[in-house]
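Let's take a friendly walk through a protein chain. Have the structure open beside you as you read.

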Amino acid sequence: MKYLTLLFLFFAKVSFSQLVTVSEEKKKSTEKDSSSSVYLEAGIFSVNRTLESNPDFLNKALGERANETKINLWSYSIGMVSPISKHFVFDGGLSFIQNGEQYAWKSSTSDSSFNYETKYRYIGMPLQVKFQTGKNFQFFIGGGLIPQMQVAYLQSQNWTDSLGGKDEAKIKTYSNLNSFVLSAVGSAGMVLNFQNNFGLRISAQYRRQLTDSYTKYNGYLHRTSAIGFTFGLTRKL
């Protein structure tokens, strides 16, 4: 009887230990990922602009600028994601952002043509709060603001004359550009984390400029919007 009792206690202990282990593993598998991470990503965006005459200064007619069209431009970001609570994170970093437009004209009576691409380049600081869920496979959605400092302007022109001669020019200055603009941003995406702490990150993003690209002394009011996809690498800290 004594040996039966000891045998029963032994099997009971083993079974209980196994149940505890399984329970702990199950609990760990369902826990949220509370670690911070850094990321590096690139994005391709379809950038459009709204352009209006400035009624407070000159009220200048749009002219041929009314025929400008959207343009595809790349942007790049480095950032950090830090937990705020169980399902919310703060996503902040630095970005190289490009806005712009393009124009194309071709004569109907000769070989003359004129084209340009305009790019407004900024260093931005995206600040977003996001809802995030999952561990090895994470989904996130959120939004925030992007303060942007203007760092460069570039208009690349090329044309053909009536005799077929070609030429080009680059303009790197433009009067009355705002040195600071503010945009709103929204994004949704996913992260696939690997066991080596690295992961893949992909998202859809929309941003809309809230303030004017030009100063109040410019003849136009100019704001941009952009929609696109970003992709990159992440690493847990």
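A residue is called buried when its relative accessible area is under 20%, exposed when over 50%, and partly exposed in between, using a 1.4 Å probe and protein chains only. With 2% relative accessibility, Asp-91 therefore counts as buried.

Before going further, a word about the model. It is predicted, with local features needing pLDDT of at least 70 and side-chain atom pairs counting only at pLDDT 80 or more, while totals for chains, interfaces and linings use all residues. Residues are numbered from 1 along each chain as its sequence is written, and side-chain values use heavy atoms, leaving out hydrogens and water.

**The whole chain**

Helices (H or I, at least four residues) and strands (E, at least two) are DSSP runs, numbered from the N terminus. The protein chain has one helix and 10 strands, and along the sequence they follow the pattern α-β-β-β-β-β-β-β-β-β-β. Of its 237 residues, 35% count as buried. Contact here means heavy atoms within 4.5 Å. Among contacts between residues at least 6 apart in sequence, 69% join residues at least 24 apart.

Two strands pair if DSSP finds at least two bridges between them.

| Strand paired with E6 | Bridges | Sense |
|---|---|---|
| E5 (residues 127–133) | seven | antiparallel |
| E7 (residues 166–171) | six | antiparallel |
| E8 | 13 | antiparallel |

Individual residues let you find these pairings on screen. Arg-121 has Ala-152 in E6 as its bridge partner, and Leu-127 stands opposite Leu-145 in E6. Looking towards E8, the bridge partner of Ile-141 is Ala-188, while Trp-159 stands opposite Asp-167 in E7.

In the hairpin of E6 and E7, with five residues between the strands, Gly-164 has a positive phi near 95 degrees.

Let's return to Asp-91, which is found in strand E3 (residues 88–106). A polar contact is a pair of N or O atoms within 3.5 Å; within protein, one must be able to donate a hydrogen and the other to accept it, and residues adjacent in sequence count only if both atoms are side-chain atoms. The side chains of Asp-91 and Lys-130 form such a contact at 2.8 Å. Leaving aside neighbours within four places in sequence, Asp-91 is in contact with residues including Tyr-39, Met-80, Leu-127 and Arg-201.

His-222 lies in strand E10 (residues 220–236). Is His-222 buried or exposed? His-222 counts as buried because its relative accessibility is 0%. The side chain of His-222 makes a polar contact of 2.9 Å with the side chain of Glu-101. Apart from neighbours within four places in sequence, residues in contact with His-222 include Arg-49, Tyr-120 and Asp-212.

Ala-184 belongs to strand E8 (residues 180–193). At 25% relative accessibility, Ala-184 counts as partly exposed. Which C-alpha atom is separated by 5.5 Å from that of Ala-184? The answer is that of Arg-207, 23 residues apart from Ala-184 along the chain. Once neighbours within four places in sequence are left aside, Ala-184 is in contact with Gly-144, Leu-145, Tyr-206, Arg-207, Arg-208 and Leu-210.
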